[in-house]
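Please read them with the coordinates open.

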Amino acid sequence: MLPPITKRRFLRLAGLSISNRILAQNPNPARGIPNPEPRTPNKVILVTFGGGVRYSETFAPEGLHNIPRLVALRPESHFFANCVNSGVLSHFNSTASIVTGNWQRVDDFGFQPPAGPTLFEQFRKQTGAGPLDAWTVATNKSFAQMGAGSDRGLGAPYGANVVLPKQLLLEAVQDVVKKPAAGGVADRDTVLERLESVLAEGYEGVGWTIFKGGRQLDRHVRETLTRGLIEYINGPEAPTSGDELTFFITREIMREFAPRLILVNFWDMDVAHWGSYSLYLNAITKTDRLTGMLWDEVEANPAYRGRTTMLVLPELGRDGDRNAANGFLNHRSGDPSCRNMWLLAMGAGVPRGETDRPVHHIDVAATAAALLGVKPGEMAGTPMRELLL
Amino acid sequence: MSTAPKIPDTLPRSFSAFVSDQMKDWPLLFPAEQSYFQRLFALIERTQPVLFASLGEIETKMAFPKALAPIEAVDFLNRNPYYSQWRAAVAEIFAKLDPVLDSEIARSGHARLVVVVSPAQLPADPSRMWLRIENRGKRIPLEPSDNFLSDLNPSSLAHQFAVHSKHGGPYSAWAIEVGQALSPANPSPLVHYSYESLQPYRHRLMREVQRIVESQTVPGPRQLSDRLKKLQILASEGAVAQDPILAEFARAILLSGNGTLLVNNTFVEWATMQAVRRARPSVAVIGFGIRNKVKPFSSLLIYQDQDATNPIPSQQDVLGSYVDLEVFYQYVWQEFEKYAEFRTNTAYVFCCDGMDEMLVIAPPDCPLLESKPPLKLSAVHSALQEWLGI
């Protein structure tokens, strides 16, 4: 008799299946050789408060109560009080600037990859890291192309695995709505049935978008994935938002594959566009909690403890209350409330302290590159010297 | 009927493109908008071309294309490295034009009124209300009333203004609300938008948008914008369908405002902001409500009717609504105060159904400020009548 499927077991099974397939087919698509030992053992996790959040609801005195976990982590961290997004104030371009080290001006709906190489590709090419060593887990669907840039010499063969967990759920929920059952989307059994059918039709485009080697799910992996999701949906931590699923998947990836470079893009706070300040505040607090839980995982996981630097920052801000656009609902004005953020760095080798000098979103990739022992190439950003002592 | 002013060929292309787009449906503009553009171009005609020189130079650096639809122009500008400079140049132009236009408005100013009514269910006592703007005005105690809205009767004030004031007439008085408590009792020139009353139109729009998105037949935002413009309100879906200007306003509010299809108070706030920007009403009565709690999976089903897709009964989020509205009071007040029509001659009354205190922000000569508290609501009504001269 098979042991009961737990969330943990599901991803282990699913992950190992995928991993085996990838490794069997193409041990290292970059060089055709197995993954070498890393030059440095450092790991980097980039966490973005995606969707955008203002200083006033986070590290401004009046906002501290919204982010109790980050506030508690700050004394052990290095706080950059003036992290500036000088680029295009849209979601894809902001995050693409973070992962490339260059201000991005590409299509913002995910129809174009980031211009030039991403940190993921440079990391994998220069270190020989394997395909399971770089991941992007994002709630926003338009981030499907965030894992690799347009550089012809690099690109997808060296890119990160991009996982869009929310899309899997979305497809299932939408399917339930299209084919109304007695309970609508409140009926979890119906949701699960649809999830199963979504997976049966192929998961490409809805969830895992692991590069070519992993795209064709065999029956065993598909069944395992389905069973795991069923278990997850029915479990006590059943997700009510995309970010909770994003956290869950990220944690399981860390436990299963222990990648050295991860981008986690939370997204719930973009609910601000709906015009409810209270929902926006709730989302900020949820992201704070999930970020704290991610750090707990770093501390608890032997593969990460003592060798991981986590950089947390908002991808952009939102319009100020005095702005003509409509305050927190938007991020189009370009005023200081949109551009001036913070960055919290914690973990291995990070000196405690605070820095007021301006740093920029494009400095994140350069800093991560330095921490990973990677040459930054043509990044316009520069490493944050405070973290590289 | 007035006609759209001619845009001089000498203006920078980005400036012309945006102004041209705003004026292209001239018959669907409110009189206040038409008046603004006529005054703007009359002023530009009297202004030295040097005013636009720096904007022209930045356009050259940007390589701003000759022919670009407005939505594409926005995309072009947003992604251009010179965007910040472009914004600064535009701001500089209006910093010189606006004072002149504002002074014209100020010379013909008259008393105006804004009444913002909050729902009775808010879980806050008066001392926790209107906190972001309380230092702008005066808290005035009220005598208790079992029929708060009937006694205050703000819709009647708006109706009377539209009918009897020399500044009244079409589009001069508005009521925007979540429910229907502010509906005019009889046929009235009062402009009235209700989130609840617009439900058939809202649901049709959600279905249509969902269908368009799912069909994946719309290649880009420009085409999507064109498709959405065809989704006009039907006569069976609301009285505003009878007036082309108000019908288009309803469509624009529901399809271009963030969350207006989904959240009742967001609809009220955004409709108010747009009414202020476009119609500059002399009297505005704004009725907020309680929004429902967000159901599980709602964030995944943006364009679905939550009541239809989820059988869990809707629950009111009174605390969340309180938090939401505290921000909206500020945004609404600020929006009015951005325009010369309202500065120095507008009385703002922030009240809550059943609450024995209100906040009044008004010029010193507003009779409401001189009345001896606690005030009966009928006395508030009378004082506001006096203020409006009706």
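1. Of the 390 residues in chain B, 37% are buried. The model is a predicted one, and the points below should be read with that in mind.

2. Chain B contains 15 helices and seven strands. Its radius of gyration is 22 Å, close to the 21 Å that the globule rule gives for 390 residues, so chain B is as compact as a globular protein of that length. The C-alpha trace of chain B spans about 65 × 55 × 40 Å along its principal axes.

3. Counting contacts in chain B with a separation of 6 or more, 70% are between residues 24 or more positions apart.

4. Helix α1 (residues 13-23) and helix α4 (residues 70-79) of chain B have axes that come within 10 Å and cross at roughly 140°. An angle over 145 degrees would count as roughly antiparallel, so at roughly 140° α1(B) is oblique to α4(B). The crossing of these two helices, α1(B) and α4(B), is left-handed. On the α1(B) side the contact is made by B:Ser14, B:Ala17, B:Phe18 and B:Asp21, and on the α4(B) side by B:Pro70, B:Ala73 and B:Leu77. By class, the residues of this contact are five nonpolar, one polar and one charged. An α-helix has 3.6 residues a turn, so residues three or four places apart point the same way.

5. Where does B:Val283 lie? B:Val283 belongs to strand β5 (residues 283-287) of chain B. It counts as buried because 29 other C-beta atoms lie within 10 Å, where the cut-off is 20 or more. Setting aside neighbours within four places in sequence, B:Val283 is in contact with B:Arg112, B:Leu113, B:Leu157, B:Ala158, B:Phe161, B:Ser172, B:Ala173 and B:Leu388. Between B:Val283 and B:Asn345 the C-alpha to C-alpha distance is 12 Å, at 62 residues apart in sequence.

6. Turning to chain A, how many residues of helix α3 (residues 91-100) are buried? The count is ten of ten, and the helix is mostly covered. The buried residues of α3(A) are A:His91, A:Phe92, A:Asn93, A:Ser94, A:Thr95, A:Ala96, A:Ser97, A:Ile98, A:Val99 and A:Thr100. Their cover includes β1 (43-49), α4 (119-127), β5 (261-266) and α11 (362-372) of chain A.

7. After α3(A) comes A:Gly101, with a positive phi near 80°.

Terms used
Residues are numbered from 1 along each chain as its sequence is written. Chains are lettered from A and ligands numbered from 1 in the order in which they are written. This is a predicted model: local features need pLDDT of at least 70, side-chain atom pairs count only at pLDDT 80 or more; totals for chains, interfaces and linings use all residues. Helices (H or I, at least four residues) and strands (E, at least two) are DSSP runs, numbered from the N terminus. The radius of gyration is taken over C-alpha atoms; the globule rule is 2.2 Å times the number of residues to the power 0.38. A residue is buried if 20 or more other C-beta atoms lie within 10 Å of its own, exposed if 12 or fewer, and partly exposed in between; C-beta atoms are placed from the backbone. Two residues are in contact if their C-beta atoms, placed from the backbone, lie within 7 Å. Axes are lines fitted to C-alpha atoms, for helices over the stretch in contact, and angles run from 0 to 180 degrees between N-to-C directions. Angles under 35 degrees count as roughly parallel, over 145 as roughly antiparallel, 65 to 115 as roughly perpendicular and the rest as oblique. A crossing is left-handed if the near helix is turned anticlockwise from the far one by less than a right angle, and right-handed if clockwise. Ala, Val, Leu, Ile, Met, Phe, Trp, Tyr, Cys and Pro count as nonpolar, Asp, Glu, Lys and Arg as charged, and the others, Gly among them, as polar.
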